[in-house]
Amino acid sequence: DSSEQAPDQKEDVQKTLFDRLASMQSREILSVLEVVAYSKSAEQSAMDLIGGCSLAGSYLSQILTDREIPLEIRCQAANVIGQMGFLEAQPAVERLMLRLESRCSAEEESLLRILKRDVELLTAL
């Protein structure tokens with residue numbers, strides 16, 4: 001009977017989805033952040049996806065501190081770190097904030113503001 005198979009199929013799909021989210025790496029998270037940078041309406045969905053990855057805080061830290069990555073994407077990484085409370089990213093956030101406070105270009109001001117907010121949010125947790 002197909003009605004008996006449906007719950008098992010749904011569970012299989014959910015398990016596969018959770019397994020794939022948990023195994024996301026930096027490249028996949030970077031791709032999700034790129035979507036958000038170009039479509040702000042995808043922000044909540046992106047956070048839901050990133051939240052399924054157990055190593056997301058570490059990957060977001062790498063993205064945040066990589067100067068080769070466009071500033072808008074790095075801002076998105078900082079935003080996700082603060083909003084989702086990735087405490088493991090706090091040292092990277094603080095180091096970058098200190099570096100930007102000592103020498104910050106006009107275009108990096110937005111990133112610095114987000115980092116300061118992140119430090120406040122993460123410290124409060």
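A nonpolar core is here a set of buried Ala, Val, Leu, Ile, Met, Phe, Trp, Tyr and Cys residues joined through side-chain atoms within 4.5 Å, where buried denotes under 20% relative accessible area, exposed over 50% and partly exposed the range in between (1.4 Å probe, protein chains only). The model is predicted: local features need pLDDT of at least 70, side-chain atom pairs count only at pLDDT 80 or more, and totals for chains, interfaces and linings use all residues. Residues are numbered from 1 along each chain as its sequence is written, and side-chain values use heavy atoms, with hydrogens and water left out.

**View 1. The nonpolar core of the protein chain.** Of the 35 residues in the largest nonpolar core, Ile29, Leu33, Ile50, Leu60, Leu64 and Leu115 touch the most other members. At least two residues of this core come from each of α2 (26-38), α3 (43-51), α4 (56-65), α5 (71-84), α6 (90-102) and α7 (109-124). Helices (H or I, at least four residues) and strands (E, at least two) are DSSP runs, numbered from the N terminus; the protein chain has 7 helices and 0 strands. Of its 125 residues, 38% count as buried.

**View 2. The surroundings of Ile50.** With residues up to four places away in sequence not counted, Ile50 touches Met24, Ile29, Val32, Leu33, Ala56, Leu60, Val80 and Phe86; contact means heavy atoms within 4.5 Å. Among contacts in the protein chain between residues at least 6 apart in sequence, 67% join residues at least 24 apart.

**View 3. Val32 on helix α2.** Val32 lies in helix α2 and is buried, with a relative accessible area of 13%. Its neighbours within four places in sequence aside, Val32 is in contact with Ala46, Leu49 and Ile50. Asp48 stands 16 residues from Val32 in sequence and 11 Å from Val32 in space, C-alpha to C-alpha.

**View 4. The two sides of helix α3.** The buried residues of α3 are Ala46, Met47 and Ile50. These residues lie on the same side of α3 because they cover an arc of only 100° around the axis, the arc being that of the directions from the helix axis to the C-beta atoms. An α-helix has 3.6 residues a turn, so residues three or four places apart point the same way. Gln44 and Asp48 are exposed on the other side of α3. The cover over the buried residues of α3 includes α2, α4 and α5.
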